[in-house]
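Have the viewer open as you read.

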Amino acid sequence: MEMQELAEQRDIVIVGGGICGLATALALHRKGIKSLVLERSKTLRSTGAAIIVQPNGWRALDQLGVATRLRRTAITIQGGHYISLADSKKKEIPIGNGEVRCLKRTHLIETLANDLPVDTIRYECQVVSIKLDPLTCYPVLQLHNGSYLQAKLVIGCDGVNSVIANSIGLNSVKLFCTCVVRGLTNYQNGHKFKPEFVVMSKGRVQLGWMPMTDKLVYWFVTRQWTSQDLAVSKNSMLIRQSTMETMKDFPDDMMEMISTCYLNSLHLTDLKYRAPWDLLGNNFHEGTVTVAGDAMHAMGPFLAQGGSASLEDAIVLGRCLAQKMNIMNQRERSSIVKMMVEEALEEYAKERKMRIVWLSLETYLIGKMLDAKSVMVKFVIIIVMAVLFSDPIGNTRYDCGRL
Ligand SMILES: Cc1cc2nc3c(=O)[nH]c(=O)nc-3n(C[C@H](O)[C@H](O)[C@H](O)COP(=O)(O)OP(=O)(O)OC[C@H]3O[C@@H](n4cnc5c(N)ncnc54)[C@H](O)[C@@H]3O)c2cc1C
Ligand SMILES: *[C@@H]1O[C@H](CO)[C@@H](O)[C@H](O)[C@H]1NC(C)=O
């Protein structure tokens with residue numbers, strides 16, 4: 001095809017400059033491998049205020065060489081509890097003795113991006129489709145402005161509505177009935193909260209919060225998605241107002257936390273997930289095209305693990321690719337050999353599969369329990385969870401290993 005002969009050619013292209021895309025580019029860079037990140041937005045994007053990072057996520061950040069800097073920005077959480085307002089019952093939320101902190105998303109994204117060589121990220125560059133070149137069998141990306149880019153390896157880190165995931169045979173994501181509002185509140189004179197993660201619930205509404213620094217607190221509210229929410233989600237004032245309405249039975253200091261939050265930190269999002277059985281039956285690559293992060297395993301946020309799992313993907317993918325590329329001698333290295341890349345992707349997929357299947361199964365069950373209207377269904381899910389996930393912090397013990 002004439003178009004494709006004229007296309008720009010690259011070795012490794014990462015689609016999407018979110019947590020996963022940037023972490024993957026950085027993992028490769030640490031191994032001396034160059035990549036290009038295509039990001040559709042104008043600047044670095046960090047929707048969702050803050051992100052909880054658990055021990056497995058910190059292990060990945062340590063491997064990327066950015067953990068020390070990020071640790072300085074947030075306090076460690078020492079414990080947690082759950083309070084039911086209906087019957088005033090209090091229950092411990094196990095945190096373990098590992099490291100849990102809540103980071104500003106902008107800090108995480110900027111720290112990852114700052115360690116990348118200049119010109120690694122190309123902004124305002126949206127990928128609209130991907131095809132395989134019939135001659136070379138390498139992927140060709142079609143960009144928003146009609147031009148093409150040919151790559152030897154494409155890594156789709158383009159989030160929950162991934163264009164790349166469809167091309168490797170993953171089914172589309174599904175929706176939970178629950179939605180989440182997230183925000184940040186700054187207390188000028190310091191807040192009174194202990195370094196704990198607390199969840200308070202009344203009926204189907206849950207409020208969770210966690211301090212980030214002496215002054216800054218991250219909170220979220222989960223509730224049922226309603227038909228007005230699409231319109232509400234576009235306007236911060238409406239998000240705040242509707243959240244205050246859902247929370248009217250909550251204590252005054254909690255109401256104050258919401259009424260005094262940073263308006264521009266507010267986000268209302270529906271919750272999408274990829275079915276665990278969909279992950280079980282997929283190879284996660286087609287030729288030299290693969291996926292990572294939410295594009296691969298979008299999951300409900302109930303374990304606060306989506307971001308950390310994306311960081312793990314980056315480490316494992318970086319390691320698998322680097323091992324193969326070290327086998328090739330320095331001369332050949334400049335042109336990646338297709339077979340080697342495919343072998344690396346196979347190893348990556350094999351290593352990640354059961355980890356993400358278990359994470360998505362656990363989040364799937366929690367999500368379905370929140371969605372369930374029938375007590376019977378809830379009960380059955382609780383039993384299944386108790387059998388399969390008897391260690392509540394088992395998911396945080398995972399170690400993705402060295403880069
Ligand atoms: C309510 C909620 C709370 C959460 N809380 C936590 C938490 O506490 N801890 C945790 O670990 N995880 C949490 N998560 C999950 C976490 O946010 C995600 O797993 C993580 O952001 C995934 O990163 P990503 O880079 O894969 O995708 P994204 O962050 O979605 O990034 C995708 C990037 O790709 C770009 N892009 C998309 N399509 C294209 C295209 N066609 N061309 C070019 N660029 C494109 C987008 O602009 C974006 O920058 C939460 C999620 C939700 C919804
Ligand atoms: C399309 O966009 C890419 C990068 O975003 C740029 O390199 C290319 O020159 C553009 N093509 C046209 C035809 O404008």
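This is a predicted model: local features need pLDDT of at least 70, side-chain atom pairs count only at pLDDT 80 or more; totals for chains, interfaces and linings use all residues.

Setting aside neighbours within four places in sequence, its contacts include Val13, Val15 and Leu38. Val127, Ser129 and Ile130 also touch Leu141, as do Ser147, Tyr148, Leu149, Val154 and Ile164.

## The chain as a whole

Now zoom out. The chain has 15 helices and 17 strands. Its radius of gyration is 22 Å, close to the 22 Å that the globule rule gives for 403 residues, so the chain is as compact as a globular protein of that length. The C-alpha trace spans about 65 × 45 × 40 Å along its principal axes.

Of the 403 residues, 53% count as buried. The accessible surface comes to about 18,500 Å², and carbon and sulfur atoms account for 53% of that area. If you look at contacts between residues at least 6 apart in sequence, 75% join residues at least 24 apart.

## Helix α3, an enclosed helix

How many of the ten residues of helix α3 are buried? Seven of them are, so this helix, covering residues 55-64, is largely enclosed by the rest of the structure. The buried residues in α3 are Pro55, Asn56, Gly57, Trp58, Ala60, Leu61 and Leu64.

Just after α3 comes Gly65, with a positive phi of about 75 degrees.

Is Lys324 buried or exposed? This lysine sits in helix α12, and its relative accessibility is 11%; because buried means under 20%, Lys324 counts as buried. Beyond residues up to four places away in sequence, Lys324 touches Met340, Glu343, Ala344 and Glu347.

Leu370 belongs to helix α14, residues 338-371. At 26% relative accessibility, this leucine counts as partly exposed. With neighbours within four places in sequence left aside, Leu370 is in contact with Thr178, Arg204, Gln224, Phe302 and Lys378. Leu370 and Arg223 are 147 residues apart in sequence, yet their C-alpha atoms are 9.0 Å apart in space.

Val140 is part of strand β9, residues 139-143. Its relative accessibility is 2%, and it counts as buried. Along the chain, Val140 and Gln9 are 131 residues apart, while their C-alpha atoms are separated by 9.1 Å.

Val128, in strand β8, counts as partly exposed at 42% relative accessibility. Its contacts, leaving aside neighbours within four places in sequence, are Gln142, Leu143, His144 and Val163. Sequence separation and distance in space tell another story for Val128 and Asn97: they are 31 residues apart in sequence and 44 Å apart in space, C-alpha to C-alpha.

## Loops with positive phi

Most residues other than glycine have a negative phi. Which phi does Ser88 take? The angle is near 55 degrees, a positive value in a residue other than glycine. Ser88 lies in the loop between β4 (79-84) and β5 (89-92), and it is exposed, with a relative accessible area of 61%.

Glu124 is another residue other than glycine with a positive phi, here near 50 degrees. You will find Glu124 in the loop between β7 (121-122) and β8 (127-132), where it counts as partly exposed at 47% relative accessibility.

How values were computed: Residues are numbered from 1 along each chain as its sequence is written. Chains are lettered from A and ligands numbered from 1 in the order in which they are written. Side-chain values use heavy atoms; hydrogens and water are left out. Helices (H or I, at least four residues) and strands (E, at least two) are DSSP runs, numbered from the N terminus. The radius of gyration is taken over C-alpha atoms; the globule rule is 2.2 Å times the number of residues to the power 0.38. Buried means under 20% relative accessible area, exposed over 50%, partly exposed in between (1.4 Å probe, protein chains only). Contact means heavy atoms within 4.5 Å. Accessible areas come from the Shrake-Rupley method with a 1.4 Å probe; for residues, only the protein chains shown count as cover.
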